Amino acid sequence: MNKPGLFATLGAYVIWGLLPIYWKLLASVSSEEILANRIVWSFLFLLLLLYFQKALPKLTTAFKNQRTRRLFFLNGIIISMNWFIYIWAVNHNFIVEASLGYYINPLVSIVFGVFFFKEKLSRIEWIAILLATIGVLILTIGYGEFPWISLALAFSFGFYGVVKKQRPLEATVSLTLETLAPLPLALLFISYLGVQGTSTFSHTPFVTAGLLLTGVITAVPLLLFGFGAQRIPYTVVGFLQFVAPTLSLAIGVLLYDEPFTRTHLVAFTFIWSAALVFTLNSLLIRKKQLRKVA
């Protein structure tokens, strides 16, 4: 096992899992303003990284390709929606429901693999999907509301992965293109807030620093993930991806006193079982593949 790769990937998921605390610290800022600042400062931070990596020509080449530009601009809109929903959910006390979305996401990705890429599922994988579906239905019926936050996060990130798969690019280049797509709207919105006198950017040094650092907070875990995921087995990546929603769930319940009812427990048990079945199946498949190679 490649230790740097393992620790980099784990670090990415730990940062993602702890992000609710960061967004809560900026709760005085509207979700729209946080998102706009996140887009602007992420773009500038990524440009700076590309400059120091001497990789700006790669960005220019990717941008000139019409198909690449269209795909990553589309992904920029999709990931911006995902970011907004997550920030809004955290700052409106829906961390538990948001964490559920990232438990469901791997299973959504499997289903998308079938529909978009004609991949075949094993019987065990279908069982995992069935368990997750039962969990969502229990939550919907018992909770009395459709878990739109969970499903919106899971499906938007699933579509993000589908588009990303069409044209693989280096992590820094692809994310720069993705943030470039919503950048004009973000700048217009920030300018509008400034003209109206409703911007919170300069209200306190803490808020200013917090908004400036949204670029770093966005880029660093993605870069860690990009480094680590290439160096460890994908089954290990699949297992580690449950670290982030588990941390977020614990934060929501233990730190911010969000409700975790019996209905939540039953629904999450089905979701956790689906995740466990999926992960164990992936590990078994990898063991068989290693035996064949040996």
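Reader: Pro184, buried or exposed, or in between?
Author: Pro184 is partly exposed in this predicted model. Its relative accessible area is 46%, which falls between the 20% limit for buried and the 50% limit for exposed.

Reader: Which helix is Pro184 in?
Author: Pro184 sits in helix H9, which covers residues 183-196.

Reader: And how far is the C-alpha of Pro184 from that of Ala36?
Author: The two C-alpha atoms are separated by 9.7 Å. Along the chain, Pro184 and Ala36 are 148 residues apart.

Reader: What about contacts over the whole chain, what share join residues at least 24 apart?
Author: 86%, counting contacts between residues at least 6 apart in sequence.

Reader: Overall fold, then. How many helices and strands?
Author: The protein has 14 helices and zero strands.

Reader: What radius of gyration does the protein have, and what would a compact globule have?
Author: The protein has 20 Å. A compact globule of 294 residues would have a value near 19 Å, so the two agree. As for extent, the C-alpha trace spans about 55 × 45 × 35 Å along its principal axes.

Reader: How much of it is buried?
Author: Of the 294 residues, 45% count as buried. The accessible surface comes to about 15,300 Å², and carbon and sulfur atoms account for 70% of that.

Reader: Charges: how many positive and negative, and how far apart are their mean positions?
Author: There are 22 positive and 10 negative charges, and their mean positions lie 18 Å apart.

Reader: Back to single residues. Why does Asn91 count as buried?
Author: Because its relative accessibility is 15%, and buried means under 20%. Asn91 belongs to helix H4, residues 66-91.

Reader: What does the side chain of Asn91 reach?
Author: The backbone oxygen of Trp23, at 3.3 Å. Leaving aside residues up to four places away in sequence, Asn91 touches Trp23, Lys24, Leu26, Ala27 and Ile34.

Reader: Now the loops. What is phi at Lys54?
Author: Phi of Lys54 is positive, about 55°, although Lys54 is not a glycine. The residue lies in the loop between helix H2 (31-52) and helix H3 (56-64).

Reader: Lys54, buried or exposed?
Author: Exposed, at 73% relative accessibility.

Reader: And Asp257, what is its phi and where is it found?
Author: Asp257 has a positive phi near 55° and is likewise a residue other than glycine. It is found in the loop between helix H13 (243-255) and helix H14 (262-293). Asp257 is exposed, with a relative accessible area of 64%.

Technical notes. Residues numbered from 1 in each chain as written. Predicted model: local features only at pLDDT ≥ 70, side-chain atom pairs only at ≥ 80, totals over all residues. Heavy atoms only, no water. Helix = DSSP H or I, 4+ residues; strand = E, 2+ residues; numbered from the N terminus. Rg over C-alpha atoms; globule rule 2.2 N^0.38 Å. Buried < 20%, exposed > 50% of the residue type's maximum accessible area, 1.4 Å probe, protein only. Contact = heavy atoms within 4.5 Å. Areas by Shrake-Rupley, 256 points an atom, 1.4 Å probe, with all protein chains shown as cover. Lys, Arg positive; Asp, Glu negative; His and termini not counted. Charge placed at Lys NZ, Arg CZ, Asp CG, Glu CD. Polar contact = N/O pair within 3.5 Å; in protein donor to acceptor, adjacent residues only side chain to side chain.
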